[in-house]
Amino acid sequence: MGALPVFRWHLAPDGYATRRQLRAAGLRPGGQGVAAQLERPRHRRGPLVAYLYRVDLAKPVRPMTPAKWAALARANTARRTCPRCRRDAGYVIPPSLGMCVPCAYPTTSAA
(Lines give C-alpha, C1' and ligand atoms only; values in the text may rest on other atoms or scores of the structure.)
Protein backbone atom coordinates (compact mmCIF):
# COMPACT_ATOMS: atom_id res chain seq x y z
CA MET A 1 0.00 0.00 0.00
CA GLY A 2 1.31 3.45 -0.90
CA ALA A 3 1.63 6.43 1.35
CA LEU A 4 -1.41 8.56 2.04
CA PRO A 5 -1.72 11.90 0.28
CA VAL A 6 -0.91 14.72 2.70
CA PHE A 7 -2.52 18.15 2.42
CA ARG A 8 -1.84 21.36 4.29
CA TRP A 9 -4.42 22.55 6.81
CA HIS A 10 -7.51 24.08 5.10
CA LEU A 11 -6.22 23.02 1.65
CA ALA A 12 -7.87 19.63 1.16
CA PRO A 13 -9.58 19.19 -2.21
CA ASP A 14 -13.32 18.73 -2.51
CA GLY A 15 -14.55 15.19 -2.00
CA TYR A 16 -12.70 14.61 1.29
CA ALA A 17 -14.06 15.13 4.81
CA THR A 18 -13.15 14.39 8.42
CA ARG A 19 -15.34 12.15 10.60
CA ARG A 20 -16.93 15.20 12.18
CA GLN A 21 -17.67 16.75 8.81
CA LEU A 22 -19.19 13.48 7.61
CA ARG A 23 -21.33 13.25 10.74
CA ALA A 24 -22.54 16.84 10.31
CA ALA A 25 -23.67 15.86 6.81
CA GLY A 26 -25.49 12.76 8.13
CA LEU A 27 -22.82 10.36 6.86
CA ARG A 28 -20.33 7.87 8.30
CA PRO A 29 -17.12 6.40 6.83
CA GLY A 30 -18.89 3.07 6.28
CA GLY A 31 -15.88 0.77 6.54
CA GLN A 32 -13.59 2.67 4.19
CA GLY A 33 -10.04 3.29 5.24
CA VAL A 34 -8.39 6.66 5.66
CA ALA A 35 -8.01 8.22 2.20
CA ALA A 36 -5.74 11.17 3.01
CA GLN A 37 -4.58 13.33 5.87
CA LEU A 38 -4.28 16.99 6.75
CA GLU A 39 -1.27 18.32 8.57
CA ARG A 40 -1.06 21.58 10.45
CA PRO A 41 2.51 22.48 11.37
CA ARG A 42 3.24 23.54 14.93
CA HIS A 43 6.23 25.32 16.40
CA ARG A 44 8.65 22.95 18.20
CA ARG A 45 6.21 20.03 18.13
CA GLY A 46 4.96 17.48 15.68
CA PRO A 47 2.19 18.54 13.30
CA LEU A 48 -1.49 18.21 14.13
CA VAL A 49 -2.97 15.50 11.92
CA ALA A 50 -6.57 15.04 10.78
CA TYR A 51 -7.62 11.99 8.80
CA LEU A 52 -9.82 12.40 5.75
CA TYR A 53 -12.35 10.05 4.18
CA ARG A 54 -13.86 10.09 0.71
CA VAL A 55 -17.34 11.57 0.71
CA ASP A 56 -18.47 9.54 -2.33
CA LEU A 57 -17.80 6.27 -0.45
CA ALA A 58 -19.49 7.39 2.79
CA LYS A 59 -22.74 5.79 3.86
CA PRO A 60 -25.73 7.32 5.67
CA VAL A 61 -25.74 7.25 9.47
CA ARG A 62 -27.74 4.34 10.84
CA PRO A 63 -30.97 5.52 12.50
CA MET A 64 -31.54 5.02 16.21
CA THR A 65 -33.79 2.05 16.95
CA PRO A 66 -36.24 2.00 19.86
CA ALA A 67 -33.90 -0.40 21.69
CA LYS A 68 -30.97 2.02 21.28
CA TRP A 69 -33.08 4.92 22.56
CA ALA A 70 -34.10 2.83 25.59
CA ALA A 71 -30.48 1.83 26.30
CA LEU A 72 -29.39 5.45 26.08
CA ALA A 73 -32.14 6.51 28.49
CA ARG A 74 -31.08 3.81 30.99
CA ALA A 75 -27.43 4.87 30.74
CA ASN A 76 -28.31 8.53 31.35
CA THR A 77 -30.51 7.58 34.32
CA ALA A 78 -27.62 5.59 35.80
CA ARG A 79 -25.33 8.61 35.45
CA ARG A 80 -27.82 10.72 37.45
CA THR A 81 -28.55 8.18 40.21
CA CYS A 82 -26.50 8.58 43.39
CA PRO A 83 -24.96 5.27 44.50
CA ARG A 84 -25.22 6.27 48.18
CA CYS A 85 -28.78 7.58 48.56
CA ARG A 86 -30.21 6.02 45.34
CA ARG A 87 -32.02 9.24 44.39
CA ASP A 88 -32.09 10.86 40.98
CA ALA A 89 -29.86 13.89 41.46
CA GLY A 90 -31.36 15.72 38.47
CA TYR A 91 -27.88 16.19 36.97
CA VAL A 92 -25.00 13.98 35.92
CA ILE A 93 -23.05 13.06 39.04
CA PRO A 94 -19.45 14.26 38.77
CA PRO A 95 -16.98 11.36 38.66
CA SER A 96 -14.68 13.33 40.96
CA LEU A 97 -17.32 13.14 43.73
CA GLY A 98 -18.77 9.73 42.93
CA MET A 99 -22.04 10.75 44.60
CA CYS A 100 -24.52 13.60 44.61
CA VAL A 101 -23.49 16.89 46.21
CA PRO A 102 -25.72 16.52 49.33
CA CYS A 103 -24.16 13.11 50.05
CA ALA A 104 -20.63 14.35 49.35
CA TYR A 105 -21.04 17.45 51.53
CA PRO A 106 -23.65 16.70 54.21
CA THR A 107 -24.65 19.54 56.48
CA THR A 108 -23.19 19.09 59.93
CA SER A 109 -25.49 21.52 61.69
CA ALA A 110 -27.35 19.74 64.49
CA ALA A 111 -29.91 22.05 66.10
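Student: Which residue in β5 does tyrosine 16 stand opposite?
Tutor: Tyrosine 16 faces arginine 54 in β5. Keep in mind that this is a predicted model.

Student: OK, and how many bridges join β2 to β5?
Tutor: Two bridges join β2 to strand β5, residues 45-54, and these strands run antiparallel.

Student: What about β4 and β5, how many bridges there?
Tutor: Six bridges, with β4 and β5 again paired in the antiparallel sense. They form a hairpin that has two residues between the strands. Arginine 42 has arginine 45 in β5 as its bridge partner.

Student: Which residue in that turn has a positive phi?
Tutor: Arginine 44, with a phi of about 65 degrees. For background, most residues other than glycine have a negative phi.

Student: Where else do I find a positive phi on something that isn't glycine?
Tutor: Histidine 10 has one of about 70 degrees, and arginine 86 has one of about 60 degrees. Histidine 10 sits in the loop between β1 (6-8) and β2 (16-17). Arginine 86 is in the loop between α2 (66-80) and α3 (101-104).

Student: Is histidine 10 buried or exposed?
Tutor: Histidine 10 is exposed, because its relative accessible area is 71%, and the cut-off for exposed is over 50%. Arginine 86 counts as exposed too, at 64%.

Student: Switching topic: where is glutamine 32?
Tutor: Glutamine 32 is in the loop between β3 (27-28) and β4 (36-42).

Student: So is glutamine 32 buried or exposed?
Tutor: Glutamine 32 counts as buried, because its relative accessibility is 16% and buried means under 20%.

Student: Which backbone oxygens lie by its side chain, the one of glutamine 32?
Tutor: There's the backbone oxygen of arginine 54, 2.9 Å from a polar atom of the glutamine 32 side chain. The backbone oxygen of proline 29 lies 3.2 Å from a polar atom of that side chain.

Student: Arginine 54 keeps turning up. Which side chain does the arginine 54 side chain join in a polar contact?
Tutor: The side chain of aspartate 56, in a polar contact of 2.7 Å. Aspartate 56 lies in the loop between β5 and β6. At 56% relative accessibility, aspartate 56 counts as exposed.

Student: How far apart are aspartate 56 and glutamine 32?
Tutor: They are 24 residues apart in sequence and 11 Å apart in space, going C-alpha to C-alpha.

Student: Now glutamine 37. Where does that one lie, and is it buried or exposed?
Tutor: Glutamine 37 lies in strand β4. It is buried, with a relative accessible area of 13%.

Student: Which side chain does the side chain of glutamine 37 make a polar contact with?
Tutor: That would be the side chain of glutamate 39, at 3.0 Å. Not counting residues up to four places away in sequence, glutamine 37 touches several others, including Phe7, Val49 and Tyr51.

Key
Residues are numbered from 1 along each chain as its sequence is written. This is a predicted model: local features need pLDDT of at least 70, side-chain atom pairs count only at pLDDT 80 or more; totals for chains, interfaces and linings use all residues. Side-chain values use heavy atoms; hydrogens and water are left out. Helices (H or I, at least four residues) and strands (E, at least two) are DSSP runs, numbered from the N terminus. Buried means under 20% relative accessible area, exposed over 50%, partly exposed in between (1.4 Å probe, protein chains only). A polar contact is a pair of N or O atoms within 3.5 Å; within protein, one must be able to donate a hydrogen and the other to accept it, and residues adjacent in sequence count only if both atoms are side-chain atoms. Two strands pair if DSSP finds at least two bridges between them. Contact means heavy atoms within 4.5 Å.
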